[in-house]
Amino acid sequence: MIRFLFFMLTFTAASLAYANITVHFQPDNITAGQSTQLIFTSTEPFKEHPNLSVLQNDFEIAGAQTRFSSNIINGQKSTKHELVFNVLPLKTGTLTVPGFKIGNQTTSPAHLSVSESTTPTQQIPDITLTASVSQESIYEGESLLYQAVLTENTGVFSAEIKPPFLENATIEQFSDDSVRLIYQNQKPARVLTRTYLITPHATGKHLIQPARFFGQIPRERNTDTFSAFGTQMDILFAGLPSLSQDILLTAKPIELTVHPKPTSYGTDWWLPARELALNLLTPAPESGRVGEPITLVFELIAVGTDANELPEITLPASTAFKVYANPSQRQNFIDSSDRFAGRVAQEFNLIPLQDGTFNLPLPHVVWFNSTTAQKENATLPPIKIDIYPSPLTPAATLNSASPPAPSQPIPLEEKNTVDAPLLPPTFVEQSLKWGSTAVFFLLALTGIGLIIFIVRKKQKNKKSLPDLYPY
């Protein structure tokens, strides 16, 4: 009975520990790009954190902290425990968060109003995040550049930029960040630009979810400073903070329209581009020789198209040349007009098979002009080349249809020019045979004579020695 009462008291205490949990946003009315706090309040310490998975679709979550306060009013002591999450809404409108279950308690829903705005928030006026795209309307297979620009004139000592998001698309950072210093409202500001390459894989209207910025800024300013992203900037920006606050910024979402391939295009390789150029990078040859390679390098540049989407460069078949192609090289770059473009370059070696005057085989590319919505052809002017016979092979041999018939008799004078041996072959063979036998016997007799000579010499030396040990 006592054990049962103890269990009931423990269960009741645990239940009452979360009896007064409330949840709310502070502030609960913000503009797009501004962060807020989701605050859980209880009269008892939190023994566990709520499950925030219900926020994943509508919010970014960065950082959490606990706060405690105690008050005594008219002799009555009250305590308040707070669990605070910094959140950034990814949508606009009225957002409703369902109740959270903590222990055996479920909180009431919380509401947040997010209005559209393109101006910097008043909460953090010294730091802004904006975004733009190179094109808002493209064709399937084209790519666009997405630029996120962070401007700050306050000391940011921890920072992270998360990339934009688009379903059914490839998104990758296009180049290294560019950083420059400007003056804004008579104060120095640091501008960081990060560029992403987005290649959609689905047609229709889409919404590019914006890039987000997470960081901490100081609440107070000193004379020394560290700039954004860890670079020391002496006295240009605010100093190391005695107190800091977490910030979350988001740029404005961008609508994108992706048009499908026109049905009238046909079965040719689908190659959409704003502009396209086909070039010969090597000098046009004027002459060559049979069997000696001719090297040609071609490039294909497409404005607004990823290099990985470009086709291989090919040459038409030719009876006058044997064609060998080397692997292609691809790259993306920004052209002289600050436009994104993809490039593929390829080297060919052409081996002339016969002499004469011929047109070089040149590439031909079919593409779709997405600026004019027209199908076009890219070609090069014809190049004539004179091919001469190889100096190592007589022209008569190259042009002969077949070798002489084997039954044709050999002329008499050619028979007389054949050199006859000075000695008959049988005589030479017998001489070599007997000569090798004689050499063998000669060596054997020489060895036997040498052995006899050594034995006799030892016997002679033995007799000349004094008899040192007579018996």
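Phe 40 and Phe 100 are both buried, a class that requires under 20% relative accessible area, with exposed set at over 50% and partly exposed in between (1.4 Å probe, protein chains only). The model is predicted: local features need pLDDT of at least 70, side-chain atom pairs count only at pLDDT 80 or more, and totals for chains, interfaces and linings use all residues. Residues are numbered from 1 along each chain as its sequence is written, and side-chain values use heavy atoms, with hydrogens and water left out.

Aromatic rings of Phe, Tyr and Trp (the six-membered ring of Trp) are paired if their centres lie within 6.5 Å; planes under 30 degrees apart count as stacked, over 60 as edge-to-face, and the rest as tilted. By this rule the count comes to 12 aromatic pairs. The pair of Phe 40 and Phe 100 is edge-to-face because the ring centres are 5.1 Å apart and the planes stand at 75°. This pair links distant parts of the chain, 60 residues apart: Phe 40 belongs to strand β3 (residues 36-42), whereas Phe 100 lies in the loop between β6 (93-97) and β7 (101-102). Helices (H or I, at least four residues) and strands (E, at least two) are DSSP runs, numbered from the N terminus.

Phe 298 and Phe 348 also form an edge-to-face aromatic pair, with 5.9 Å from centre to centre and 65° between the planes. Here the link between distant parts of the chain runs from strand β24 (residues 294-303), which holds Phe 298, to strand β27 (residues 340-352), which holds Phe 348, the two being 50 residues apart. Both Phe 298 and Phe 348 are buried.

Another aromatic group is a cluster formed by Tyr 139, Tyr 265, Trp 270 and Phe 368. Over the face of Tyr 265 lies Lys 375, at 4.9 Å from the ring centre. For such an arrangement, NZ of Lys or CZ of Arg must be within 6 Å of the ring centre and within 35 degrees of the ring normal.

Lys 375 forms one of them with Asp 268, at 2.7 Å from N to O. The partners are 107 residues apart and connect distant parts of the chain, with Asp 268 in the loop between β20 (254-259) and β21 (272-273) and Lys 375 in strand β30 (residues 374-378). Asp 268 has a relative accessible area of 32% and is therefore partly exposed; Lys 375, with 38%, is partly exposed as well.

In a further salt bridge, the side chains of Glu 275 and Arg 339 meet at 2.9 Å, N to O. Glu 275 counts as partly exposed because its relative accessibility is 41%, and Arg 339 counts as partly exposed at 28%. Elsewhere, salt bridges with shared partners join Glu 60, Lys 162 and Arg 212 into one network.

Glu 82 has a relative accessible area of 12% and so is buried, whereas Lys 80 counts as partly exposed at 37%.

Glu 152 is located in strand β12 (residues 144-152). With a relative accessible area of 1%, Glu 152 is buried. The C-alpha atom of Glu 152 is separated by 5.5 Å from that of Ala 189, 37 residues apart along the chain.

Ile 452 is found in helix α4 (residues 425-464) and counts as partly exposed because its relative accessibility is 42%.

For the chain as a whole, there are four helices and 31 strands. Of its 471 residues, 36% count as buried. Among contacts (heavy atoms within 4.5 Å) between residues at least 6 apart in sequence, 72% join residues at least 24 apart. The chain exposes about 29,400 Å², of which carbon and sulfur atoms supply 56%; accessible areas come from the Shrake-Rupley method with a 1.4 Å probe, and for residues only the protein chains shown count as cover.

Definitions and conventions:
Salt bridge = Lys/Arg side-chain N within 4 Å of Asp/Glu carboxyl O.
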